[in-house]
There are 2 protein chains.
Amino acid sequence: MKKLDDITLDKSSDEFLYIQLYNNIKNLIVEKNIEPHTKLPTIRYLSKRLDVNNVTIVNAYNLLEQKGYVYKKVGSGTFVQDIFKDDNFSYKKLSIVEKEANVSDINREKIDIINFASTSPTPNLFPVEDIKTVLNEVLDRDGGKAFTYQESQGYYPLRNAIRGYLDEHNINTTEDNIQIISGAQQGIDILSKALVEYGDIVFTESPTYTGALAVFKSRSARIIEISIQEDGIDIKDLENKLRTFNPKFIYVVPNFQNPTGCSYSIEKKYELLSLAKKHNFYIIEDDYLSDLSFNDEKNETLKSIDTEDRVVYIKSFSKILMPGLRLAFMVIPTAIYNDVLSAKHISDISTSGLIQRAFDLYLRKGDWKKNLQRVNYIYKERFNIMIKSIKQYIPKDISYKLPNGGLSFWFSLPIEYSSNDLYEFCKKNNVIIAPGSAFNVDQSDNENFRLSISSLEYNVIEDGIKKMGSLLTQFLNEYKNKKNTIDIYNPFL
Amino acid sequence: MKKLDDITLDKSSDEFLYIQLYNNIKNLIVEKNIEPHTKLPTIRYLSKRLDVNNVTIVNAYNLLEQKGYVYKKVGSGTFVQDIFKDDNFSYKKLSIVEKEANVSDINREKIDIINFASTSPTPNLFPVEDIKTVLNEVLDRDGGKAFTYQESQGYYPLRNAIRGYLDEHNINTTEDNIQIISGAQQGIDILSKALVEYGDIVFTESPTYTGALAVFKSRSARIIEISIQEDGIDIKDLENKLRTFNPKFIYVVPNFQNPTGCSYSIEKKYELLSLAKKHNFYIIEDDYLSDLSFNDEKNETLKSIDTEDRVVYIKSFSKILMPGLRLAFMVIPTAIYNDVLSAKHISDISTSGLIQRAFDLYLRKGDWKKNLQRVNYIYKERFNIMIKSIKQYIPKDISYKLPNGGLSFWFSLPIEYSSNDLYEFCKKNNVIIAPGSAFNVDQSDNENFRLSISSLEYNVIEDGIKKMGSLLTQFLNEYKNKKNTIDIYNPFL
């Protein structure tokens, strides 16, 4: 077995000495050749033994700490992290952006983990063969042209095909108003570049999608949160804040909202549109799931009832087709499309022409509809077993409102409990949830949490919720006495 | 023949009336059913005839103007633009970002145009069959996994393969320090998100790549330009400005600089590194062409001689492989890679997993080297005929320094001439060049211009330069008397 004392550095190598040392120690930890909580040698000792400068050791230890392999105790030294038993170490360091994403991907490979946090669809949903066919057809048809710079606004035939698709969804627009993007996340980023200057005000729903909050923060926007109710945004709250603030836009997910799963009533949709007109702001509508309605309710998009050209519509295919294409589109109001086009251009010049051409063919062949039906069927099965299991196993002290479709379910602990604590508790028991703190601007702890069924197969859901139910019962009992410490507001969390 | 008087609007349609009117008039113009410079009906007349609100006509006319189909004369009305004879109309409206890009793509399809502005490689350079093979191999091997969300930092095996590639280029790094990006432009954007806050100072070369300037502007950075000399950046100028300013980073292209084509001497490379250490700033090295040296000179990258982990290295494959992959990578200093990773995540979550996996296979198979040799051979032929033609045909009043490789050639008119004027003059004669104003922060007119051979076949270059030579002679004569009006500085240009 290799040990710390076996480490040697190669001074003739071009690799930095501190990187060499970092890799040596990291490998010892990862390969379980050093016990967790072992104290590493002192800087003085190790620099003497390896005959290198103190700074080399300091840099290596700092890097190990930064990457989560060791932890420091003031006055006592540097210790090996227990990276296998406790992966909080990395979780706690993450910014709000990565938090949700990371939650989603933790231990994805571990088979015994039930991951209710991930929003990634399972690969067996993807129409791989169909995509392979269209890719090859495009390569045969277009050859090298598929690999030139594509125009920034997007491959024209694809925009034309999308216009047709939108027509079927009661959105009437022109090819000029369609902007192809490399996924919905890029859409939010580009719109922020086009519309948000330093200190500008942006409204969001609360809670809302972490990735949007992170973008608005990166533009130094001032973010004002508007509460979500069971039937959509709280119009009173919105009107109140509009008296004080003059937002550039409001970012909303009106159908199967993330994370709450709720959908706006048709009245609220019209009220929001009317307020946007009155107060002269844009509405960014993020539509990632409106296709997944599992009852007869019609999920009008805001864009389909927007008579004032005020709605920027973002359509993602990540959940209903596959995320790895990195392809989405936006419908842009005429007044701002030049700004949006510039922002797209400086972001990545253009979205892959090959992928655009393949997707164009895919849309035109109608494979799209066939696949959506299939996906809808599979998700609906998962949705129904989820609803049934929730009713059966979730303890009565937990409150929730069941959605009519989509993939997210939103729950609340009794008010004095912390969902960050619940997250930790569940993780120790191999269940991953998304705590409410991931969906607020200030990441403050609260009583809410989200369970998603995107990445869980049908047969896992019932057992998962059964387990979740008993974990919740246990949690409600064990954490009852922690009340007083939990609800302290910590702005630095 | 359809005429303006035939226009009718469908009030029962869901399409906005002003969009209907816009499309009607646009089509008449595009289909040459209205003569250029025809006056459009007055707003009052048309609103009465079509029985719609004035605002509908105003909106349609505004949109037509915005898109360049009409122009307005104060007090006289709205007139049809001559979109076929004169495409300046769109050129003039473009922001600095699109300017260079647009110059590159104007009339690409017109066979009689010689385009010295475009930097897009010709599709016949692309190894389409090899890429098709690896795409299919990946789809067979990985199936749906190729379409899940890829980790934001990039597919690990690809980062490993790139580490090997870098090793051969004397850059020693770890997989942890490699960040996969969707093209070099995204790299610049992400680095700016990670490093630049409102009002921060950024240094650039002058002249420099338009797309970088646009990104820094979009972050509200204060951009300080440092002059370029024949052997690289002006160190005196840099030292001077470092006395006053404290930049976050300097953005440089040390080998075959864009647009000047010059390369830094090895002494200047070391001086720059030493100043970065002394004044504590990062260097962003954009390496898009260092592979294309056509003599024995060695083009060390700054990263390969960076002992202080201060260089952020961006490697693009757009010119030497193909731009349409939208794939590039960066080597990130350890101290900032968490920030860069967050910025990547909020920009587009991840680069297409399918493309990453295919490129990984392509690198591992060694197809990469075979292709680079082929591309190098083709570009070298073009380069040599360009050098020969320049010596033979470019008039002696035009000054230039011939580069040792790359694809850009930089020329200067006598000091009192305007290269914006030259651009217009050449375009009328079916030759497209890139004027110097595209490469400055303030887009100010100047005497310099760039000719690029990226998108010109071998057999076009000699004739092109011959034509360019006679155009230049004509221009120098005809525009001699315009001196006085040309060199007025216009901050709003």
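How many residues of chain A are in contact with chain B? Select both chains: 74 residues of chain A are in contact (heavy atoms within 4.5 Å) with 74 residues of chain B.

This is a predicted model, in which local features need pLDDT of at least 70, side-chain atom pairs count only at pLDDT 80 or more, and totals for chains, interfaces and linings use all residues. Residues are numbered from 1 along each chain as its sequence is written, chains are lettered from A and ligands numbered from 1 in the order in which they are written, and side-chain values use heavy atoms, with hydrogens and water left out.

**Stop 1: the interface**

Show the surface between the chains. About 6,000 Å² is buried between chain A and chain B, and carbon and sulfur atoms give 57% of it. Buried area is the accessible area (1.4 Å probe) that two parts lose on being put together, summed over both. Now pick Phe147(A), Tyr149(A) and Ile346(A). In chain A these lose the most area to chain B, together 13% of what that side buries.

Next, select Lys132(A) and Asp140(B). They form a salt bridge, with the closest N and O atoms 2.4 Å apart. The rule (a side-chain nitrogen of Lys or Arg within 4 Å of a carboxyl oxygen of Asp or Glu) finds four salt bridges across this interface. Colour the chain A side by element. Helices that give two or more residues to it include H1 (17-30), H6 (128-142) and H12 (337-348) of chain A. Helices (H or I, at least four residues) and strands (E, at least two) are DSSP runs, numbered from the N terminus.

**Stop 2: the eight-stranded sheet of chain B**

Move to chain B. Eight strands form an open sheet in the order E4-E11-E10-E9-E8-E5-E6-E7, with mixed pairing. Two strands pair if DSSP finds at least two bridges between them. E4 (178-181) and E7 (232-233) of chain B are at the edges with a single partner strand each, so one side of each has no neighbour in the sheet.

Zoom in on E9 (282-287) and E10 (311-316) of chain B. They pair in the parallel sense over five bridges. Ile283(B) stands opposite Val311(B) in E10(B).

Axes are lines fitted to C-alpha atoms, for helices over the stretch in contact, and angles run from 0 to 180 degrees between N-to-C directions.

**Stop 3: the four-stranded sheet of chain B**

Select E12, E13, E16 and E15 of chain B. In that order they form an open sheet with antiparallel pairing. E12 (399-400) and E15 (434-435) of chain B are the edge strands. Pick Pro435(B): it stands opposite Phe449(B) in E16(B). Helix H14 (367-393) of chain B lies across E12, E13 and E16 of chain B, at about 15° to E13(B).

**Stop 4: hairpin and loops**

Go to E1 (70-73) and E2 (77-80) of chain B, which pair in the antiparallel sense over four bridges. Three residues separate them in a hairpin, and Gly75(B) in the turn has a positive phi of about 85°.

Which peptide bond from Asn258(A) is cis? The one to Pro259(A), with omega near 10°. Pro259(A) lies in the loop between E8 (249-252) and H11 (266-279) of chain A. Asn258(B) to Pro259(B) is also cis, with omega near 10°. Finish at Phe256(A), which has a positive phi of about 50° although it is not a glycine. Most residues other than glycine have a negative phi, and most peptide bonds are trans.
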